[in-house]
Amino acid sequence: MPLVNTAELVRPGEGVAAFNVITLEHAEAIVAAAEETGRPVICQISQNAVRFHGGRLGPIAAGTRAVAEGSAARVALHLDHVTDEDLMHQAADHGFGSVMYDGSEHDYDENVARTAAAAAWAHERGLWLEAELGEVGGKDGAHAPGVRTDPGEAAAFVAATGVDALAVAVGSSHAMTERTAVLDHALIARLRDAVPVPLVLHGSSGVADDELRRAVGQGMTKINIGTALNIAFTGAVRANLDRGVDPRRYLAPARDAMREQVAHLLEVIAPRSAESIGSRAC
């Protein structure tokens with residue numbers, strides 16, 4: 001099935017899961033789980049993942065796109081946490097339907113100016129643009145413990161930039177390996193009422209199932225997950241390294257472990273009762 005635009009999957013009142021792709025095995029696991037569960041999904045490739053692949057977006061994007069288009073799943077392709085504008089400008093040429101431009105390293109006014117320019121560029125090409133208000137989570141920034149997004153400032157930021165979605169700080173943090181984050185659900189509701197675009201939860205690997213379900217119910221829409229897949233992948237590799245030198249002997253179970261994790265999280269984030277009639281998953 002051809003890729004779909006992210007805007008088709010990110011709908012008010014529904015949750016959609018976005019999983020980070022680092023290797024081809026990640027993409028295969030994500031898409032297989034989406035087919036298995038009948039849920040739509042977003043495959044996202046971060047700037048850090050591109051750096052891991054030698055700074056070349058093309059190969060990992062092409063591989064992920066081929067996996068998606070070879071399935072019956074509804075899959076969107078998203079370029080995540082981009083600070084390099086040259087990299088962002090490659091998105092449309094590689095099948096991406098959306099970009100998360102991260103101007104959080106700049107002060108508020110500079111972030112607004114750069115994000116507004118990114119949104120204008122994206123919209124001219126039919127791309128959906130996500131942004132973040134504050135610093136990068138997991139680096140003592142917007143998603144560090146105790147840091148929260150102000151609803152009034154968030155509403156003003158969206159109005160000034162014209163973005164299509166906003167990542168907000170409500171208690172999660174990037175790179176958590178234990179699911180102990182406690183979200184501020186009252187704040188999520190306030191943000192939902194104040195901000196006229198979908199809200200995005202980064203650092204969702206550290207959030208337990210019940211917290212994720214409640215967050216979606218309160219108004220979170222796009223739920224980003226990365227570390228949870230890497231925990232599953234790494235655990236399976238460790239458990240199977242003694243099976244010989246052929247990497248397929250440990251990569252296959254690692255891929256299966258990620259598929260199981262993705263399938264579980266898709267059921268949590270996008271329960272069937274919340275899906276549109278006739279929708280097909282990826």
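The side chain of histidine 185 makes a polar contact with the side chain of glutamate 211, at 3.1 Å; a polar contact is a pair of N or O atoms within 3.5 Å, where, within protein, one must be able to donate a hydrogen and the other to accept it, and residues adjacent in sequence count only if both atoms are side-chain atoms. This is a predicted model, in which local features need pLDDT of at least 70 and side-chain atom pairs count only at pLDDT 80 or more, while totals for chains, interfaces and linings use all residues. Residues are numbered from 1 along each chain as its sequence is written, and side-chain values use heavy atoms, with hydrogens and water left out.

Histidine 185 belongs to helix α8, residues 185-194, helices being DSSP runs of H or I with at least four residues, and strands runs of E with at least two, numbered from the N terminus. Because its relative accessible area is 5%, histidine 185 counts as buried (under 20%, whereas exposed means over 50% and partly exposed lies in between, with a 1.4 Å probe and protein chains only). Setting aside residues up to four places away in sequence, histidine 185 touches Glu211, Arg214, Ala215 and Gln218, where contact means heavy atoms within 4.5 Å.

Aspartate 184 sits in the loop between β6 (165-167) and α8, and it is partly exposed, at 29% relative accessibility. Apart from neighbours within four places in sequence, aspartate 184 is in contact with Arg148 and Val170.

Turning to the whole protein, there are 11 helices and 8 strands, and 54% of the 282 residues count as buried.
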